[in-house]
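Hello,

Here is the structure I promised to pass on to you.

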Amino acid sequence: DEYSQMFIDYAGTCPHPVLDVGCAYGVATLPALAAGATVTACDMEQGHLDLLVQRTPPGDLPRLKTQTGILPDADFPADSSGGIHVPPSPHFLPAPDLEKSVANIAAWLKPGGKAFLITDTVYTGFWKAFAPKYEQRKAEGHSWPGEIKDAHLLLPEPARHRTKVRYMNLLDPDVLTRVCTAAGLVTERASFVSPGKHEQGKAYSDAANERAAIVAVKPAA
């Protein structure tokens, strides 16, 4: 999506190392490396990181570090990253873990550094069935309008019995902005966004609201 692309473009010009948390197979890490960035790639699965290393061109390997971890427990030094990218995953975090994760991200950023956070919304996939409830909660001023404690029940049979997903905290630009502001970050841009296009070149939908994203800046000292 366009926010991941913004991270890639930013990383290529950033004079400091950047961090990709939840990097998976390197969808953002590999092009950031190609753009000249120094990247620490973090993922919960060591197998993902091993494959990422295998896929990295030899010339880019000296600028790649890997570390296993998952939010909110991943740990990095304070003031160590010029930019941090979190692709769609914050919606799996309960509210306290999300707030802790964003506070950690703010601590890891260097002054002037930027965080690029991307999350799923209630307008994607099976979660659309929850949209009326979400919109009602939103109108009532609910702090976490997209919190679903029995998310598996929105899935069709037999998927609801196979999935490990029981909780979702589907977010929107307003919630992302509030959480980042509480962590001391300044919002540069926040919006709904489309995940992009299918391999066939067709957009996922015309609504462009399946994801929410934010670019938030740590104020300079």
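Helix H5, residues 131-139, has three buried residues: Ala131, Tyr134 and Arg137. Buried here means under 20% relative accessible area, exposed means over 50%, and partly exposed is in between (1.4 Å probe, protein chains only). Helices (H or I, at least four residues) and strands (E, at least two) are DSSP runs, numbered from the N terminus. Pro132 and Ala139 are exposed, on the face of H5 turned away from the buried side. Among the elements that cover the buried residues are strand E6 (147-148) and strand E8 (186-193). Just after the helix comes Gly141, with a positive phi of about 85°.

Please keep in mind that this is a predicted model, in which local features need pLDDT of at least 70 and side-chain atom pairs count only at pLDDT 80 or more, while totals for chains, interfaces and linings use all residues. Residues are numbered from 1 along each chain as its sequence is written, and side-chain values use heavy atoms, with hydrogens and water left out.

Now the chain as a whole. Its secondary structure comes to seven helices and nine strands. The radius of gyration is 17 Å, close to the 17 Å that the globule rule gives for 221 residues, so the chain is as compact as a globular protein of that length. That radius is taken over C-alpha atoms, and the rule is 2.2 Å times the number of residues to the power 0.38. Along the principal axes, the C-alpha atoms fill a box of roughly 50 × 40 × 30 Å. Of the 221 residues, 47% are buried. Contact means heavy atoms within 4.5 Å; among contacts between residues at least 6 apart in sequence, 67% join residues at least 24 apart.

Which residues does His85 touch, leaving aside its neighbours within four places in sequence? They are Ser4, Phe7, Leu19, Asp20, Val21, Ala28, Phe116 and Ile118. His85 belongs to strand E4 (residues 81-86) and is buried, at 2% relative accessible area. Leu98, in helix H4 (residues 95-108), also counts as buried, with 4% relative accessibility. Not counting residues up to four places away in sequence, Leu98 is in contact with Pro90, Leu93, Trp144, Asn169, Leu171 and Val179. From Leu98 to Ala32 it is 25 Å in space, C-alpha to C-alpha, and 66 residues in sequence.

Finally, some backbone details to check in the loops. Leu71 and Pro72 are joined by a cis peptide bond, with omega about 10°; Pro72 sits in the loop between strand E3 (64-68) and E4. The peptide bond from Glu157 to Pro158 is cis as well, with omega near 0°, and Pro158 is in the loop between E6 and helix H6 (159-162). The loop between E3 and E4 also holds Asp79, which has a positive phi of about 55° although it is not a glycine. Asp79 is partly exposed, at 39% relative accessible area. Ala24 has a positive phi too, near 55°; its place is the loop between strand E1 (18-21) and helix H2 (29-34), and at 27% relative accessibility it counts as partly exposed.

Best wishes
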